[in-house]
Amino acid sequence: MAQRYGGKHSPGGGGAAPTPPRGGYRGARRTRVGGRVNMLFIAPLPLAVRAFLGGPVEMALNLAALGLLLLAAWLTREGLRAEEAYDARRIARRPAIPRKIFGALLTGAGLAVAAHAAGGGVAGPAIYAVAGAALHLLAFGPDPLRDKSADGIDAFQSDRVARVVDRAEEYLRAMTEAVAGTRDRDLEARLERFQVTVRDMLRTVEDDPRDLTAARKYLGVYLMGARDASVKYADLATRAPNAEAREKYLVLLSDLERNFTAKTRALMADSSTDLDIEIEVLRDRLEREGVHLETTETV
């Protein structure tokens, strides 16, 4: 959507240039789900041709090998996505299913079946199975096998935060999927900006799990309502354009964004106050121990 440019020296512009909206790419990293994973889907396709060049037994074995290798590629791709989500968060639970490890095992099994179909006896398929699984693990690595928590935070608190953040991310994904069905690019961009604000609160809670109690209503009830409103609006918009419903939905996103921003700032202010108190307590203890700290003032 085109926007009028205005700044300090523009006609009719008495102030500074407006602050550009924050996009969904703030803090984004390059994904590892790319060419290497796509090659896993392409490499076994010749088995589909070879399946129809022999007898029924060879056809069944080749098609089975093709299915195993394609399933392994899909599991590997999903495992890399789960690992990226795990790495992006400070507190996270390990993936419930070790997809990349299962992908490695299925890759080895698929290669073994393909080798057996080609008449490799027993030793040949076994070698292919071990080599394929090992090379897969070397190329893509194993799945995260431990929960990740911040320093100084017990496992119970970490698990509480991880559950709330997981649920919040599910609500955000559902909102994205619903609005994507409307094919409204401007609305999708507006939703992205709102989600950036929500994730600011998520990162704040991960940094200090004591904020979870104060933020639980925002990350639970409010996001659930936002998801339901997104689904209902998308249902209306896909049946017929509704300008009034779209305007109400945009107003809802703006109200929610202001509330989330204000609450996140309040949480950060409380954390700063707690830090000041801890510094003062530490300073008093050092003074009682005979350690005198000099305060340096900057001009």
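Predicted model: local features only at pLDDT ≥ 70, side-chain atom pairs only at ≥ 80, totals over all residues.
## Overall make-up

The secondary structure of the protein chain comes to nine helices and zero strands, and along the sequence the pattern reads α-α-α-α-α-α-α-α-α. Of the 299 residues in the chain, 32% count as buried. Among the contacts with a separation of 6 or more, 75% are made by residues 24 or more positions apart.

The protein chain exposes about 18900 Å², of which carbon and sulfur atoms supply 58%. One nonpolar surface patch, of about 290 Å², is made by Met-39, Ile-42 and Leu-45.

## Helix 3 and its partners

Helix 3 covers residues 56-88, and its 33 residues reach 48 Å from the first C-alpha to the last, close to the 48 Å expected at 1.5 Å a residue. Its buried residues include Asn-62, Leu-66, Leu-69, Thr-76, Leu-80, Glu-83 and Tyr-86, and the buried residues of this helix pack against helix 1 (35-42), helix 2 (46-50), helix 4 (99-117) and helix 5 (123-140).

Glu-83 also takes part in a salt bridge, in which its side chain meets that of Lys-100 at 2.5 Å, N to O. This pair links distant parts of the chain, since Glu-83 is in helix 3 and Lys-100 in helix 4, 17 residues apart.

Glu-169 has its place in helix 6, which runs over residues 155-180, and with a relative accessible area of 11% Glu-169 is buried. When its neighbours within four places in sequence are left aside, Glu-169 is in contact with Arg-199, Leu-202 and Arg-203. Helix 7 (residues 185-207) has 23 residues and reaches 33 Å from its first C-alpha to its last, close to the 33 Å expected at 1.5 Å a residue.

In the loop between helix 6 and helix 7 lies Arg-183, which is exposed, with a relative accessible area of 75%. Most residues other than glycine have a negative phi, whereas the phi of Arg-183 is near 60°, a positive value. At the start of helix 7, a side-chain oxygen of Asp-184 reaches to within 3.3 Å of the backbone nitrogen of Asp-186.

## Salt bridges involving helix 9

The structure holds eleven salt bridges. In one of them the side chains of Arg-246 and Asp-184 meet at 2.7 Å, N to O. Because Arg-246 lies in helix 9 (residues 243-288) and Asp-184 in the loop between helix 6 and helix 7, the pair ties together parts that are 62 residues apart in sequence. Arg-246 counts as partly exposed at 23% relative accessibility, whereas Asp-184 counts as buried at 18%.

Another salt bridge joins Asp-255 to Arg-258, with the closest N and O atoms 2.3 Å apart. These two residues are separated by about one helical turn, because they stand three residues apart in helix 9. Asp-255 is partly exposed, with a relative accessible area of 31%, and Arg-258 is exposed, with a relative accessible area of 54%. Elsewhere, salt bridges that share partners join Arg-77, Glu-78 and Arg-81 into one network.

Methods: Residues numbered from 1 in each chain as written. Heavy atoms only, no water. Helix = DSSP H or I, 4+ residues; strand = E, 2+ residues; numbered from the N terminus. Expected span 1.5 Å × (residues − 1). Buried < 20%, exposed > 50% of the residue type's maximum accessible area, 1.4 Å probe, protein only. Contact = heavy atoms within 4.5 Å. Patch = residues over 30% accessible without salt bridge, like charges linked within 9 Å, V, L, I, M, F, W, Y side chains within 5 Å. Areas by Shrake-Rupley, 256 points an atom, 1.4 Å probe, with all protein chains shown as cover. Salt bridge = Lys/Arg side-chain N within 4 Å of Asp/Glu carboxyl O. Polar contact = N/O pair within 3.5 Å; in protein donor to acceptor, adjacent residues only side chain to side chain.
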